[in-house]
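Trainee: Could we go through how some of the helices pack here?
Mentor: Gladly, let us open the model and take one pair at a time.

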Amino acid sequence: MKRRMDMEPRISRRRLLGGVATLAVAGGLGLYAAGRGVLDDRRGAPFAPWTAFRGEGGGGLIELARAAVLAASPHNTQPWLFELHEDRIDVLSDPSRWLGDMDPFGREMHIGLGCAIENLSLAAGSMGWTPRVELGAGRLPLFDAEPAPGVRRAAPPPTRVATVRLEPGGAESPLARAIAERHTNRGPYGAQRVPAAALEELSRLNEDRASQEIVWLDRRDQRELFAAHTLRATEIIARDASMIEDSDAWFRLTPEAVRTHRDGVTFDVLGLGPLLTAAGKLLPRPSPERMHEDWLRVTRDVHLAGDSLIGVIATRDRYDLGATLRAGRLWQRMQLWATARGIAMQPLSQVPEVIDRERQLGRAPAMERSFAEALRLGGWQPTMAFRLGYAVREGVCGPRRAAEDVIRAS
Ligand SMILES: Cc1cc2nc3c(=O)[nH]c(=O)nc-3n(C[C@H](O)[C@H](O)[C@H](O)COP(=O)(O)O)c2cc1C
């Protein structure tokens with residue numbers, strides 16, 4: 001989810017009070033609220049995967065898939081399938097869960113696959129295996145097929161993107177213990193700064209410095225430039241009907257939608273705080289346009305407001321399959337490390353998304369050039385941007401499909 005997910009519903013205080021008063025007069029507030037999942041939406045089967053993964057030896061290969069499904073993915077699309085073999089797991093993309101024009105080259109989808117591969121590998125270590133990860137090579141598969149103008153691309157079939165071979169003898173990673181605790185946090189962050197030593201440690205998690213780099217925007221002027229570009233990119237997306245339609249398709253704003261799909265972005269994960277979250281659930285679903293206008297406002301007033309520290313994962317080639325999977329592995333590892341230390345994180349992906357969209361539409365790469373020049377990225381290409389800090393409220397879990405639902409017969 002992203003921003004849309006991170007998007008805040010349009011709720012003015014007056015509208016909120018008006019809506020609540022009307023319901024109270026109608027006399028059925030309690031029952032009505034319960035029916036709309038206002039009181040607590042995070043129960044039942046869609047949330048069971050958060051406790052199903054135990055990470056203990058003897059659990060069998062399915063336990064590794066249980067870890068993998070808890071990974072981050074764009075809009076919580078969970079674009080993965082797993083084939084379990086005796087001594088290996090094949091990881092496949094599931095392009096039926098692709099974000100369309102929000103992610104025209106499947107770049108974000110493959111970052112999400114990298115996140116799942118990382119969880120799987122870390123869990124393997126704690127369960128007594130040494131994982132040997134073989135990543136696919138080449139270009140992002142969706143990149144090759146340029147659609148004719150106005151033609152929507154059909155999703156290609158599932159494709160194997162990685163094989164994780166499992167050999168006996170593992171070393172437990174402390175990161176594995178954070179797998180079921182990690183959540184994207186979209187609420188406000190406090191003024192306390194993440195210390196420089198933590199950033200150094202996060203940078204050390206990058207094992208592939210030749211092809212990717214974490215760029216820290218540790219000066220205020222850099223963060224202002226980042227904020228200006230991110231707001232501009234958010235405006236561009238909010239005015240792009242096709243992008244917001246494809247984004248909106250992954251919002252699950254009723255308990256029925258959460259129960260049925262077990263994916264996507266829910267009200268609870270938006271970081272709005274209890275009152276606005278409850279109000280959002282009671283009010284009628286906003287139009288996609290309105291949701292994205294609100295997302296723009298929340299981006300400005302919450303996500304970029306507190307001058308949080310910003311990081312950018314940059315690669316040498318944004319459309320290289322292996323580099324994209326490695327960026328996902330790094331992103332997942334960084335979040336787990338941060339989770340174990342009480343540091344919150346949230347991707348702010350609007351700039352890379354607009355860069356993709358410019359390319360898809362054959363437009364001049366205005367965002368790409370302006371961002372790279374402003375932040376002096378040299379030959380590095382941004383593929384993931386994020387803020388980090390100490391959150392005012394805890395991040396919460398979103399729904400997940402169970403491992404059993406995403407295992408493909410081999
Ligand atoms: C490639 C990628 C891009 C993302 N972009 C955004 C974003 O722009 N804004 C945001 O709030 N979350 C973003 N997310 C976070 C996902 O929405 C989140 O991982 C997903 O909803 C699952 O929730 P969880 O991370 O709490 O498990 C992104 C995640 C990935 C992997």
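Trainee: Which hand is the crossing where H8 passes H14, left or right?
Mentor: This is a predicted model, and in it the crossing of H8 past H14 is left-handed.

Trainee: Which residues make that contact?
Mentor: From H8 the contact uses His229, Thr230, Ala233, Thr234, Ile236 and Ile237, while H14 contributes Gln350, Val351, Glu353 and Val354. Sorted by class, the residues where H8 meets H14 are five nonpolar, four polar and one charged.

Trainee: And at roughly what angle do the axes of H8 and H14 cross?
Mentor: The axes of H8, residues 220-238, and H14, residues 350-360, cross at roughly 50° and come within 8 Å. Because of that angle, H8 counts as oblique to H14.

Trainee: What about the hand of the crossing of H8 and H15?
Mentor: The crossing of H8 and H15 is left-handed.

Trainee: Which residues of H8 and H15 meet?
Mentor: On the H8 side they are Leu225, Phe226, His229, Arg232, Ala233 and Ile236, and on the H15 side Met367, Ser370, Phe371 and Ala374. By class, the contact of H8 with H15 holds seven nonpolar, two polar and one charged residues.

Technical notes. Residues are numbered from 1 along each chain as its sequence is written. This is a predicted model: local features need pLDDT of at least 70, side-chain atom pairs count only at pLDDT 80 or more; totals for chains, interfaces and linings use all residues. Side-chain values use heavy atoms; hydrogens and water are left out. Axes are lines fitted to C-alpha atoms, for helices over the stretch in contact, and angles run from 0 to 180 degrees between N-to-C directions. Helices (H or I, at least four residues) and strands (E, at least two) are DSSP runs, numbered from the N terminus. Angles under 35 degrees count as roughly parallel, over 145 as roughly antiparallel, 65 to 115 as roughly perpendicular and the rest as oblique. A crossing is left-handed if the near helix is turned anticlockwise from the far one by less than a right angle, and right-handed if clockwise. Contact means heavy atoms within 4.5 Å. Ala, Val, Leu, Ile, Met, Phe, Trp, Tyr, Cys and Pro count as nonpolar, Asp, Glu, Lys and Arg as charged, and the others, Gly among them, as polar.
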